[in-house]
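Here is a short briefing to read alongside the model. Have the viewer open as you go through the topics.

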Amino acid sequence: MGKFHDIINGVTKLSFTKVRNATAILSSYYRSRITGVPVIQGLPFSISIEPTTSCNLRCPECPSGLRSFTRPTGMLTKTLYKKVIDELAPTLSYLIFYFQGEPYLHPTFLDMVQYASARKIYTATSTNAHYLTDAVARRTVESGLDRLIISIDGTSQQTYEAYRVGGNLDKVVEGTKHILHWKRQLKSATPHVVFQFLVVRPNEHEIPDVYRLADELGVDEVVLKTAQIYDYQQGSDLIPRNEKYSRYRRNADGTYSIKNSLDNHCWKMWHSCVITWDGKVVPCCFDKDAHFVLGDLNHQSFKDIWYSQPYRDFRVSLLRSRSEIEICKNCSEGTKVWA
């Protein structure tokens with residue numbers, strides 16, 4: 001029932017303008033695939049915006065956790081955020097408050113959620129749940145946030161901290177309970193609460209346990225996610241033994257390769273994009289260090305960037321040979337885990 005209510009909630013936020021825009025984007029995407037020539041009609045109906053690059057944990061395959069960014073770190077400003085939302089609100093259906101970092105470290109994060117929710121945009125975020133105190137949980141529910149993805153990569157402390165270095169599983173469970181409590185108290189159908197379980201070798205044996213825990217707490221959904229490994233060719237202690245849960249396959253010579261066939265098209269380049277905390281527009285969430293900057297919202301409108309020559313050139317290169325684009329080489333599109 002949780003998934004059904006979430007779908008209905010999303011549908012109620014649609015408008016004729018949003019549906020028309022999404023239809024135009026879908027049509028232009030398939031025209032581009034067929035002809036090999038990028039055509040764009042309409043604006044993205046989904047964007048990710050980065051509240052901050054700061055994070056309290058030190059996860060081993062995450063630039064935020066490793067403190068390994070070459071790009072600047074910082075916090076999204078109110079002025080820049082409102083500029084983006086005010087321009088895109090008429091056509092924007094889905095807004096993800098996440099790229100890198102922990103969103104709840106931004107001091108006005110929930111104000112930003114409320115601003116988008118008031119414009120009937122479906123809002124989502126991903127968190128490690130360490131800052132979901134009782135008061136913050138209540139404000140989260142009151143903000144109108146539609147989807148809350150909680151990263152819970154283990155059901156025992158030892159397993160959890162093997163990847164979530166510096167993390168405390170009890171805080172994650174406690175934060176989840178606070179959210180579910182205030183949903184009941186405020187008689188709110190939102191946020192749709194998701195346990196996201198990043199499957200790695202140290203935790204793959206606890207997959208059945210995370211479903212049990214979610215059921216006990218009253219979490220709406222569990223999603224299993226494959227882990228991105230930067231140096232995967234020679235293997236890694238994080239690659240699951242069960243290949244079903246891995247983004248990579250083991251070859252006969254003992255090396256590893258990505259399962260994705262890297263076909264020369266990508267839906268994300270037509271319907272979505274990512275905006276960094278300092279206003280850079282990058283193609284997708286795999287460009288974590290913002291190497292492929294397609295525009296700067298501090299000096300350009302979003303529409304100008306979306307239809308710009310740099311964006312067109314990037315789509316041309318993708319339709320010609322996606323396997324030659326660095327950020328595409330470790331892409332998980334096409335390697336989702338269903339369980």
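**Strands and the sheet**

Strand S1 (residues 46-49) runs parallel to S2, and 3 bridges join them; two strands count as paired if DSSP finds at least two bridges between them. Strands (E, at least two residues) and helices (H or I, at least four) are DSSP runs, numbered from the N terminus. This is a predicted model, in which local features need pLDDT of at least 70 and side-chain atom pairs count only at pLDDT 80 or more, while totals for chains, interfaces and linings use all residues. Residues are numbered from 1 along each chain as its sequence is written, and side-chain values use heavy atoms, with hydrogens and water left out.

*Sheet layout*

- The open sheet is built from 9 strands with mixed pairing, in the order S6-S5-S4-S3-S2-S1-S9-S10-S11.
- Strand S6 (221-226) and strand S11 (295-296) stand at the edges with a single partner strand each, so one side of each has no neighbour in the sheet.
- Ser 46 has Tyr 94 as its bridge partner in S2.
- S2 in turn pairs with S3 in the parallel sense over 4 bridges, and the partner of Tyr 94 in S3 is Tyr 122.
- Between S2 and S3 the chain passes through helix H5 (residues 109-117), and this β-α-β crossover is right-handed (with the strands pointing away from the viewer, the path from the first strand over the helix to the second runs clockwise).
- Strand S3 (residues 122-127) and strand S4 (residues 147-151) run parallel and are joined by 4 bridges; in S4, Ile 149 is the bridge partner of Ser 126.
- Strand S5 (residues 192-199) pairs with S6 in the parallel sense over 6 bridges, with Leu 198 partnered by Lys 225 in S6.
- The chain gets from S5 to S6 through helix H9 (residues 207-217), in a β-α-β crossover that is right-handed.

- Buried here means under 20% relative accessible area, exposed means over 50%, and partly exposed lies in between (1.4 Å probe, protein chains only).

*Aromatic rings*

- The model has 13 aromatic pairs, where rings of Phe, Tyr and Trp (its six-membered ring) pair if their centres lie within 6.5 Å; planes under 30 degrees apart count as stacked, over 60 as edge-to-face and the rest as tilted.
- Tyr 29 and Tyr 30 form an edge-to-face pair, at 5.1 Å centre to centre and 65° between the planes.
- Tyr 29 is buried, with a relative accessible area of 5%, whereas Tyr 30 is partly exposed at 43%.
- The ring centres of Tyr 81 and Phe 97 are 5.9 Å apart and their planes are at 40°, so this pair is tilted.
- Because Tyr 81 lies in helix H4 (residues 78-88) and Phe 97 in strand S2 (residues 94-97), the pair ties together parts that are 16 residues apart in sequence.
- Both Tyr 81 and Phe 97 are buried.
- Tyr 29, Tyr 30, Phe 45, Trp 267 and Trp 270 are linked by ring pairs into a cluster.

*Charges over rings*

- The charged end of Arg 119 sits over the ring of Tyr 115, 3.6 Å from its centre; the rule asks for NZ of Lys or CZ of Arg within 6 Å of the ring centre and within 35 degrees of the ring normal.
- Lys 288 lies over the face of Phe 286, 5.1 Å from the ring centre.

*Cysteines*

- How many disulfides does a search of the whole structure find? The search finds 0, a disulfide being a pair of cysteine sulfur atoms within 2.5 Å.
- Cys 62 is in no disulfide, and the nearest cysteine sulfur, that of Cys 59, is 5.9 Å away.
- Cys 62 is buried, with a relative accessible area of 17%.
- The sulfur of Cys 285 is 5.1 Å from the closest cysteine sulfur, in Cys 284, which is too far for a bond.
- Cys 285 is partly exposed, at 31% relative accessible area.

*Two loop residues*

- Asp 278 sits in the loop between strand S9 (272-275) and strand S10 (280-282), and Asp 278 is buried, with a relative accessible area of 16%.
- Pro 60 is in the loop between S1 and helix H3 (63-66), and Pro 60 is partly exposed, with a relative accessible area of 29%.
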